[in-house]
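Student: I would like to learn how to read the packing of a helix and the layout of a sheet. Could you take me through a case?

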Amino acid sequence: MIIGIGGVSMAGKSSLARAIKAQYTRKEVSILCQDDFIMPLHSMPQVKGKTDWENPASIDFDEYIASVVARDIETDVVIAEGLFAYHDHSLAKLYDKKIFLEISSDLFFERKKSDTRWDIEPEWYIQHIWKSYLKYGVVADDAHDILRLDGTRSIDIDLLMNYINQ
């Protein structure tokens with residue numbers, strides 16, 4: 001089984017992936033984060049002289065897809081998560097279950113401004129992240145078979161696991 005989790009930065013994708021993995025005590029689970037499949041730094045797109053991590057061209061989708069397929073053979077459950085989880089149609093077609101975490105722009109800005117894992121981001125870049133999410137990361141409102149979750153609320157893991165195991 002392959003589970004896709006999408007959503008903007010700071011929506012809770014990685015935390016949700018870990019929570020799902022913890023539910024599978026008798027199965028082998030792999031979590032693949034798109035951030036682990038970045039292109040070589042010299043070939044990354046730039047925005048205002050800064051590396052543009054928020055552009056799909058920053059991800060090696062061929063390697064990411066190959067890893068998802070390989071892990072699907074090797075393990076019981078694969079969780080593929082990232083901002084661009086639904087941008088590449090070849091990747092999205094692999095998902096048996098699709099999850100999308102949604103948060104408001106206000107909450108995103110609040111969370112991102114307090115995120116100092118990679119230093120303090122300038123305001124213009126935080127704005128750029130949101131715009132890139134709207135351009136590349138959002139799934140269509142009429143997209144089917146996607147469970148949309150509110151990233152501001154506690155997720156009922158039992159209900160989520162019922163959806164996944166259907």
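**Helix and sheet**

Tutor: The buried residues of helix 2 pack against strand 1, strand 2, strand 5 and helix 3 (89-92), where contact means heavy atoms within 4.5 Å; helices (H or I, at least four residues) and strands (E, at least two) are DSSP runs, numbered from the N terminus. This is a predicted model, in which local features need pLDDT of at least 70 and side-chain atom pairs count only at pLDDT 80 or more, while totals for chains, interfaces and linings use all residues. Residues are numbered from 1 along each chain as its sequence is written, and side-chain values use heavy atoms, with hydrogens and water left out.

Student: Which residues of helix 2 are buried?

Tutor: An α-helix has 3.6 residues a turn, so residues three or four places apart point the same way. Here Phe-61, Tyr-64, Ile-65 and Val-68 are buried (under 20% relative accessible area, with exposed over 50% and partly exposed in between; 1.4 Å probe, protein chains only). Seen down the axis of helix 2, these buried residues fall within an arc of 95°, taken from the directions from the helix axis to the C-beta atoms, so they line one face of the helix. On the other side, Asp-62, Ile-73 and Glu-74 are exposed.

Student: What is the strand order of the open sheet?

Tutor: Strands of a sheet pair through backbone hydrogen bonds, either parallel or antiparallel. This open sheet of 5 strands has the order 2-5-1-6-7 with parallel pairing, two strands being paired if DSSP finds at least two bridges between them. Strand 2 (29-33) and strand 7 (146-150) stand at the edges, each with a single partner strand, so one side of each lacks a neighbour in the sheet.
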